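Please have the sequence and the structure at hand.

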Amino acid sequence: MLNSILFFILGLVIGSFLNVCIYRLPKGESLIYPGSHCTHCGHALSTYDLIPIVSYCCLNGKCRYCKEKISPYYALVEGGTGLLYALLFHTFGWSLELPLYMLFISILIVLTLIDWEYMLLPTPILVFGCVLGSIFRGLQAARYQNTAYLWAPLLGALVGFGLFFCSLFCWEMVL
Ligand SMILES: [Zn+2]
């Protein structure tokens, strides 16, 4: 139980960073500089403000400096990431899968929300995910001495890509 809570808190912190990724990556802005700031008044956020949901609740959903209302969207992303991390720990415990799925689910959260907002799946994130997924499956295949960890996802990727490719092809034919 204590571990699940710790993973929930870790998820909140990571979720805060994912928000930065979702907000900045489609705009081509740096993830590191400048530090997080209020999107309305531009005031830099202190470390205290970066503690996600806590500061949202304490400040009643408003920017501390300009009192502009902050969208609950950010708190939802953070809370959602926290819940997913806790769920991952609950499901996998201390295992090889845990850190890898944490990373993987973080990528999926960023992709999903950027797609939702901009109808865009940035190629660098996709490539990063593919490379990471391949390394992940390679590690599993070596660890469990089972090549199914390699060919099953490859087959899945081919079928998944094939379906979308075919539907696009058919769509082009119809038009
Ligand atoms: Zn502000």
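## Basis

This is a predicted model, in which local features need pLDDT of at least 70, side-chain atom pairs count only at pLDDT 80 or more, and totals for chains, interfaces and linings use all residues. Residues are numbered from 1 along each chain as its sequence is written, and side-chain values use heavy atoms, leaving out hydrogens and water.

## The largest pocket

The largest pocket has a volume of about 770 Å³. A pocket is an open set of points on a 1 Å grid over the protein atoms alone, with protein on both sides within 12 Å along at least five of seven lines; lining residues have an atom within 4 Å of a point. A volume is the space filled by probe spheres set on the points, which are joined across faces, edges and corners, with a probe of 1.4 Å.

Of the 20 lining residues, Phe104, Gly129, Cys130, Pro153 and Ala157 are closest to the centre. By class, the lining has 15 nonpolar, 4 polar and 1 charged residues (Ala, Val, Leu, Ile, Met, Phe, Trp, Tyr, Cys and Pro count as nonpolar, Asp, Glu, Lys and Arg as charged, the others, Gly among them, as polar). Helix 5 (97-118), helix 6 (123-144) and helix 7 (148-174) each supply at least two lining residues; helices are DSSP runs (H or I, at least four residues), numbered from the N terminus.

## Helix 5 and helix 6

The axes of helix 5 and helix 6 come within 11 Å and cross at roughly 160 degrees (axes are lines fitted to C-alpha atoms over the stretch in contact, and angles run from 0 to 180 degrees between N-to-C directions). Helix 5 is therefore roughly antiparallel to helix 6, a term for angles over 145 degrees.

Conventions:
Angles under 35 degrees count as roughly parallel, over 145 as roughly antiparallel, 65 to 115 as roughly perpendicular and the rest as oblique.
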